[in-house]
Amino acid sequence: MVGLRYDFLANPLGVVRSTFQEAVTAINPLPALDGLDWGAADQFRQFLFDDGRISDVPMLNAETIKWLQSKTLVRFRGMVQDMPGNEYYVGAYKDGEKWVTNKFDGNPCGPMDGITDTRIWERRLLYCVPVPGQNSWTQVSYEATSSRYAISMHPSREKRHREDGFSITDVDMVEIVGAWVDPPNNKKMRGNDANLELSDDHTMSSQQNTLGLYSVFGDEGTSFSCLIKVYDSPESDLKLNDVIEFVGIFTRDSELNTGENQKDDVMDEFCDDQLLNGRRTKAPCIDCVLYRKLAIDDFLVSRPLEVTQDVKRALRESLTRHLTFVLGNDNLAAEYLLLHLLSRVHSRTDTMPIGKLSLNLTGFDESMSIFGSQLKHALMNILPYTQYVTLTIHSLNSAQLASKKDYTTNRLVPGLLQLAEGSHLTIDETSLQTGILNSMGCENAELLKRLLELQKVEYDFTYYKMEMAADIQVLILSEWKSLIMPADLVLPFHPSKVECDFSYNEEILNGWRWYLGSMKSETHTIDPRMQKVVEDDLVAARQADRSLGTSDFSRWLTMGRLMSLSFGETCLNGEHWEKVKQLETYRKERLIGSLPKDDIE
């Protein structure tokens with residue numbers, strides 16, 4: 001058996017420099033390599049994904065940073081919270097007769113004094129943080145994925161880690177449970193076979209926030225952010241709030257602060273702000289060799305062995321029943337909540353987002369707090385990113401909802417509404433009393449309104465403001481119809497009893513997670529025959545009620561699409577359209593106070 005040519009895990013820079021020397025020999029002159037990858041990324045891609053070794057790469061987080069060595073290969077999962085810009089660096093220099101590269105090396109230690117023959121290259125800087133509201137079931141079991149690697153790199157530290165409360169297990173694959181199987185881990189730029197953990201609490205962020213107290217970063221020393229240096233990537237390929245897994249070469253923050261012993265005049269000449277100059281930031285640094293955007297599928301521990309319509313319908317039925325229990329046996333609210341959880345902005349027409357479906361459940365007061373708590377925990381167990389925020393007059397008047405640029409530190413200070421695509425935001429208005437909004441309160445109210453109406457979030461750059469597209473599911477819990485946030489749907493909440501036992505095994509939870517993620521991402525169409533039926537119904541509805549407008553018709557079409565997807569269908573049929581009309585009839589009856597004894601079948 002032939003061993004690996006390079007030690008990718010312990011000495012990734014050896015891979016970079018070896019392939020560089022081969023490229024320099026083959027390509028002459030050296031400027032032909034400017035701004036290009038010479039084959040190093042391909043070597044890592046083959047090792048990690050073709051050979052299925054991605055799970056051997058340890059995940060960098062607040063725990064593993066205690067024992068990970070610099071200059072080794074690591075992974076980091078997070079949200080792009082800030083994009084400071086690009087920086088120039090000495091990409092290659094001539095040492096005698098030999099060209100040497102500094103690419104992918106956040107802290108080069110080679111001699112630079114007196115060297116004049118250099119190549120100045122460019123790289124992109126990203127400031128990444130744990131995804132706001134990320135729930136613990138999405139977290140990779142870091143100990144399992146890196147145990148053998150960690151022990152081999154630090155055999156003498158294993159005992160000390162146990163004494164410090166950090167245990168290393170030796171789990172390589174999650175076991176197949178019932179009709180669910182591990183996702184494949186050998187796909188290009190995808191996959192890992194790590195186990196996932198299930199918990200009722202967030203790992204990376206607070207469970208419940210009162211506006212004004214929220215911060216993505218948390219207190220000094222408690223958060224875990226990372227400076228990512230990206231090479232040879234198109235500017236359009238990465239954007240703010242993307243959730244990314246980066247694979248790269250790790251450098252500790254203490255080693256980035258090199259002081260006077262090693263001064264990079266070229267770096268200082270081109271880039272002298274506090275964040276761009278890596279030696280001045282306290283965040284650990286990763287020189288990224290590969291990255292991939294993460295979708296919900298990437299967080300699932302298992303998925304069906306065989307996906308059939310019966311499987312999808314069974315999952316819909318069991319999830320709807322679960323939501324009904326959570327909502328006090330209110331089946332109508334559960335049906336609307338399911339459609340809400342499947343919604344997403346799938347396109348935009350001019351400035352209007354298509355596909356959103358915000359929901360306002362009214363009738364919540366202090367006596368209904370148990371249902372709000374149950375709903376919060378239920379959503380945390382089935383959605384990857386959730387935030388639960390309590391709204392008050394004081395918090396509206398003092399909170400920072402919009403992210404704001406701080407030019408002193410050259411950092412984008414995060415606001416509450418800077419969330420990853422696909423996040424779920426629950427706004428609890430039950431503590432909102434009458435009062436006076438100051439100027440900031442009015443601005444915050446307008447920000448929330450535009451989020452619901454246009455799915456856009458404003459960013460404040462002091463000298464100008466910019467709106468960026470968002471895709472955030474918003475659920476409002478209030479005693480009366482919200483005056484601040486105009487939801488697409490308003491439904492009076494009518495619970496009949498309190499259910500106390502919501503314990504479900506992980507197999508069932510994984511099924512619901514897979515169902516929501518997969519059905520939500522499906523495309524949908526309406527055939528010409530069904531389109532004619534819908535048009536006729538809309539015309540008839542308009543003739544019967546002149547108050548109906550384009551927003552109502554757009555909402556019905558969205559509900560029709562989501563209803564079909566909830567049954568695993570990608571084309572609207574008559575049965576699903578009739579169910580939408582039935583739901584709207586029951587909702588209207590609730591709104592006018594004439595709820596029938598039996599909700600829906």
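Here is a friendly conversation about a predicted model, with reasons for the labels put on its parts.

Reader: Let's begin with the overall picture: how many helices and strands does the protein chain have?

Author: The chain has 15 helices and 20 strands. Buried residues make up 54% of its 601 residues. Of the contacts with a separation of 6 or more, 79% are between residues 24 or more positions apart.

Reader: Which residues have the most contacts inside the largest nonpolar core?

Author: They are Leu 361, Tyr 515 and Leu 516, in a core of 65 residues. Helix 8, residues 331-342, gives the largest share of this core, with nine residues. Apart from it lies another core of 30 residues, which includes Phe 8, Phe 44, Phe 47 and Val 247.

Reader: What is Tyr 515 in contact with, leaving aside its neighbours within four places in sequence?

Author: Its contacts include Leu 315, Leu 319, Leu 338, Leu 342 and Phe 567. Lys 312, Arg 316, Lys 520 and Ser 566 are also in contact with Tyr 515.

Reader: Now the charged pairs. What makes Lys 229 and Glu 87 a salt bridge?

Author: Their closest N and O atoms are 3.5 Å apart, and the cut-off is within 4 Å, so the pair qualifies. Lys 229 lies in strand 6 (residues 226-230) and Glu 87 in strand 1 (residues 73-95), so the bridge ties together parts that are 142 residues apart in sequence.

Reader: Why is Lys 229 called buried, and what about Glu 87?

Author: Buried means under 20% relative accessible area. Lys 229 has 1%, so it is buried. Glu 87 has 0%, so it is buried too.

Reader: How do you know that Glu 467 and Arg 450 meet in a salt bridge?

Author: The N to O distance is 2.5 Å, and a salt bridge needs these atoms within 4 Å. Glu 467 lies in strand 18 (residues 465-469) and Arg 450 in helix 11, so this pair ties together parts that are 17 residues apart in sequence.

Reader: Are Glu 467 and Arg 450 buried, exposed or partly exposed?

Author: The middle class runs between the 20% and 50% limits. Glu 467 has a relative accessible area of 31%, so it is partly exposed. Arg 450, with 27%, is partly exposed as well.

Reader: What makes Arg 555 and Glu 584 a salt bridge?

Author: Their side chains meet at 3.1 Å, N to O, and the limit is 4 Å. Arg 555 lies in helix 14 and Glu 584 in helix 15, so the pair ties together parts that are 29 residues apart in sequence. Both Arg 555 and Glu 584 are buried.

Reader: On to the largest pocket: what is its volume, and which residues are closest to its centre?

Author: The volume is about 1,000 Å³. Of the 39 residues that line the pocket, Asp 552, Arg 555, Trp 556, Glu 584 and Arg 587 are the closest to its centre. Among the elements that give two or more residues to the lining are helix 13 (528-544), helix 14 (550-566) and helix 15 (574-591). By class, the lining has 19 nonpolar, eight polar and 12 charged residues.

Reader: And the loops? Where is Phe 104, and why is it called buried?

Author: Phe 104 is in the loop between strand 2 (98-101) and strand 3 (118-129). Its relative accessible area is 3%, under the 20% limit, so it is buried. Phe 104 also has a positive phi of about 70 degrees although it is not a glycine.

Reader: What is the class of Lys 71 by relative accessibility?

Author: At 23%, Lys 71 falls between 20% and 50%, so it counts as partly exposed. Lys 71 lies in the loop between helix 2 (40-50) and strand 1. Its phi is positive, about 70 degrees, although Lys 71 is not a glycine.

Reader: Finally, why does Phe 224 count as buried?

Author: Phe 224 has 12% relative accessibility, under the 20% limit, so it counts as buried. Its place is in the loop between strand 5 (208-210) and strand 6. Phe 224 and Asn 61 are 163 residues apart in sequence and 6.8 Å apart in space, C-alpha to C-alpha. Phe 224 touches Asn 61, and others it touches include Leu 60, Ile 65, Phe 76 and Pro 284.

How values were computed:
Residues are numbered from 1 along each chain as its sequence is written. This is a predicted model: local features need pLDDT of at least 70, side-chain atom pairs count only at pLDDT 80 or more; totals for chains, interfaces and linings use all residues. Side-chain values use heavy atoms; hydrogens and water are left out. A nonpolar core is a set of buried Ala, Val, Leu, Ile, Met, Phe, Trp, Tyr and Cys residues joined through side-chain atoms within 4.5 Å. Buried means under 20% relative accessible area, exposed over 50%, partly exposed in between (1.4 Å probe, protein chains only). Helices (H or I, at least four residues) and strands (E, at least two) are DSSP runs, numbered from the N terminus. Contact means heavy atoms within 4.5 Å. On a 1 Å grid over the protein atoms alone, a cavity is a set of points where a 1.4 Å probe fits but cannot get out, and a pocket is an open set with protein on both sides within 12 Å along at least five of seven lines; lining residues have an atom within 4 Å of a point. Grid points are joined across faces, edges and corners, and a volume is the space filled by probe spheres set on the points. Ala, Val, Leu, Ile, Met, Phe, Trp, Tyr, Cys and Pro count as nonpolar, Asp, Glu, Lys and Arg as charged, and the others, Gly among them, as polar.
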